Structures are given as structure tokens and as C-alpha cells.
Amino acid sequence: MFRLLVTYSGNVQGVGFRWKVLNISKPYKITGYVKNLPTGKVETLVEGERKAVLKMIEEIDEKLKEFWAKKGEELKSGKAHYEKFEIKYY
């Protein structure tokens, strides 16, 4: 199991960023979430096979590059915590 936490900053809230990420996730066999943070950033946790996780993040980066200015990544340990990929609210 590969788990990657990605945080995007820039113009990422109030522009449909989470919904776009949710749509990008559809063809991938992954689980996790995308959510707004009180800091104005968007957090995305993607769990699944390494190749699928990295490909999805690559697609988010490319398709939504007009919105984000900076990105942080953190590899998380452990087993999958989610059953599907969803928008998570505070």
C-alpha cells in the first residue's frame, strides 16, 4: 500500500479544485480524500498501488496547474484508511 499526502497552496479554494480532483480520481483504483484546510490550502490523501497514486497526482498537477502555486508531499505509512476517494469536509 502506497499512501501520499499532498498539500496544494495558491488559488485552490473557491474555484472547484476539490470537485476537479474528485473527477480526476474516477478512473484510478485508489482511496482517500481531498479537503479544504482552514489555512487556505487543499489537502489530498491518495492511497493505493504506487503507480496509480503517482499517476493521479501527476494528472492533478498538470490539469490544475493554473490554480496551485506550491505543493508539499509527505509519504504516509500504514494500511489504507478509506474505502473510496471522496471530498472530506472539516
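Visitor: Which strand does helix 1 run at about 165 degrees to?
Guide: This is a predicted model, by the way. Helix 1 takes in residues 17–25 and lies across strand 1, strand 2 (30–36), strand 3, strand 4 and strand 5. The strand that goes with the angle of about 165 degrees is strand 5.

Visitor: And helix 2, what angle does its direction make with that of strand 1?
Guide: Helix 2, residues 50–63, packs on the sheet too, touching strand 1, strand 2, strand 3, strand 4 and strand 5. Its direction and that of strand 1 make an angle of about 10 degrees.

Visitor: OK, the sheet itself: which strands sit at the edges?
Guide: It's an open sheet of five strands with mixed pairing, in the order 4-1-3-2-5. An edge strand here pairs on one side only, and that picks out strand 4 (68–76) and strand 5 (85–87).

Visitor: Which element gives the most to the largest nonpolar core?
Guide: That core has 23 residues, and Met56 and Ile60 are among those touching the most other members, along with Phe17, Val21, Ile30 and Phe85. Elements giving two or more residues are strand 1, helix 1, strand 2, strand 3, helix 2 and strand 5. The top contributor, with five residues, is helix 2.

Visitor: What is Met56 in contact with, leaving aside neighbours within four places in sequence?
Guide: Met56 is one of the core residues that touch the most other members. Its contacts beyond those neighbours are Val21, Ile24, Ser25, Tyr28, Ile30, Val46 and Phe85.

Key:
Residues numbered from 1 in each chain as written. Predicted model: local features only at pLDDT ≥ 70, side-chain atom pairs only at ≥ 80, totals over all residues. Heavy atoms only, no water. Pairing = 2+ DSSP bridges. Helix = DSSP H or I, 4+ residues; strand = E, 2+ residues; numbered from the N terminus. Contact = heavy atoms within 4.5 Å. Axes fitted to C-alpha atoms, helices over the stretch in contact; angles between N-to-C directions. Core = buried A, V, L, I, M, F, W, Y, C linked by side-chain atoms within 4.5 Å. Buried < 20%, exposed > 50% of the residue type's maximum accessible area, 1.4 Å probe, protein only.
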